[in-house]
Amino acid sequence: MVEKCPSKELFKKPMHPYTRALLSAIPSVEIHNPNKREILQGELTSPIDPAPGCRFAARCKYATEACRQPQKLEEVEPNHFVSCCGVRELNDISK
Ligand code: SF4
């Protein structure tokens, strides 16, 4: 699990890079304002021998050395939990 919050909040303000990529893949009926689809690059992590740290790191454009450490769900806003060491920086959230 990479992100947990009420569904309305998730669609309004997704914080994890993977959540954002998933939501960007939702087809839009808006002809003049289509979703900006985020195409992920890189390889899927092997479920048999996963790399240490964030399971999304091989496909995350924000990955750093810190992402090699195990990630845990942290409450970054009230009732909004995200598993990403870079989430505050990516979303302009102060600690
Ligand atoms: S922990 Fe690192 S690799 Fe994983 S989603 Fe966050 S920035 Fe990307």
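The shell around the ligand has 10 nonpolar residues, three polar ones and no charged ones. Here Ala, Val, Leu, Ile, Met, Phe, Trp, Tyr, Cys and Pro count as nonpolar, Asp, Glu, Lys and Arg as charged, and the others, Gly among them, as polar. The model is predicted: local features need pLDDT of at least 70, side-chain atom pairs count only at pLDDT 80 or more, and totals for chains, interfaces and linings use all residues. Residues are numbered from 1 along each chain as its sequence is written.

**Ligand surroundings**

- In all, 13 residues surround the ligand. A residue is near a molecule or strand if its C-beta atom, placed from the backbone, lies within 6 Å of it.
- The closest residues are Cys54, Cys60, Cys67, Cys84 and Gly86.

**Overall layout**

- Three helices and three strands make up the elements of the chain. Both kinds are DSSP runs, numbered from the N terminus: helices are H or I with at least four residues, strands are E with at least two.
- From the N terminus on, the order of elements is β-α-α-β-β-α.
- The C-alpha trace spans about 40 × 30 × 20 Å along its principal axes.
- Of the 95 residues in the chain, 18% are buried. Buried means that 20 or more other C-beta atoms lie within 10 Å of the residue's own; 12 or fewer is exposed, in between is partly exposed, and C-beta atoms are placed from the backbone.
- Among contacts with a separation of 6 or more, 33% join residues 24 or more positions apart. A contact needs C-beta atoms, placed from the backbone, within 7 Å.

**Sheet and hairpin**

- The three strands form an open sheet in the order 1-3-2, with antiparallel pairing. Its edge strands are strand 1 (3-4) and strand 2 (74-77), and each pairs on one side only.
- Two strands pair if DSSP finds at least two bridges between them. Strand 2 and strand 3 (residues 80-82) run antiparallel and are joined by three bridges.
- In general, strands of a sheet pair through backbone hydrogen bonds, either parallel or antiparallel.
- Glu75 stands opposite Phe81 in strand 3.
- The hairpin of strand 2 and strand 3 has two residues between the strands. Asn79 lies in this loop and takes a positive phi near 60°, though it is not a glycine.
- Asn79 counts as exposed because it has 9 other C-beta atoms within 10 Å.
- Glu77 belongs to strand 2. It is partly exposed because it has 14 C-beta neighbours inside 10 Å.
- Glu77 and Ile93 are 16 residues apart in sequence, and their C-alpha atoms are 8.7 Å apart.

**Nonpolar core**

- The largest nonpolar core has 10 residues: Val2, Met15, Cys54, Phe56, Cys60, Cys67, Val82, Cys84, Cys85 and Val87.
- Such a core is a set of buried Ala, Val, Leu, Ile, Met, Phe, Trp, Tyr and Cys residues joined through C-beta atoms within 7 Å.
- In soluble globular proteins, nonpolar side chains tend to be buried together.
- Beyond its neighbours within four places in sequence, Val2 is in contact with His16, Tyr18, Thr19, Phe56, Val82, Ser83 and Cys84.

- Leu23 sits in helix 2 (residues 17-24). With 13 other C-beta atoms within 10 Å, Leu23 is partly exposed.
- Leaving aside neighbours within four places in sequence, Leu23 is in contact with Phe11 and Pro14.
- Leu23 and Phe56 are 33 residues apart in sequence and 16 Å apart in space, C-alpha to C-alpha.
- Asn35 is in the loop between helix 2 and strand 2. It is exposed, since it has 12 other C-beta atoms within 10 Å.
- Not counting residues up to four places away in sequence, Asn35 touches Ser24, Ile26 and Ser28.
- Asn35 and Pro70 are 35 residues apart in sequence, and their C-alpha atoms are 32 Å apart.

**After helix 3**

- Asp92 is placed in the segment after helix 3 (87-90). Its phi is positive, about 50°, although Asp92 is not a glycine.
- Asp92 is exposed because it has 6 other C-beta atoms within 10 Å.

Terms used. Contact = placed C-beta atoms within 7 Å.
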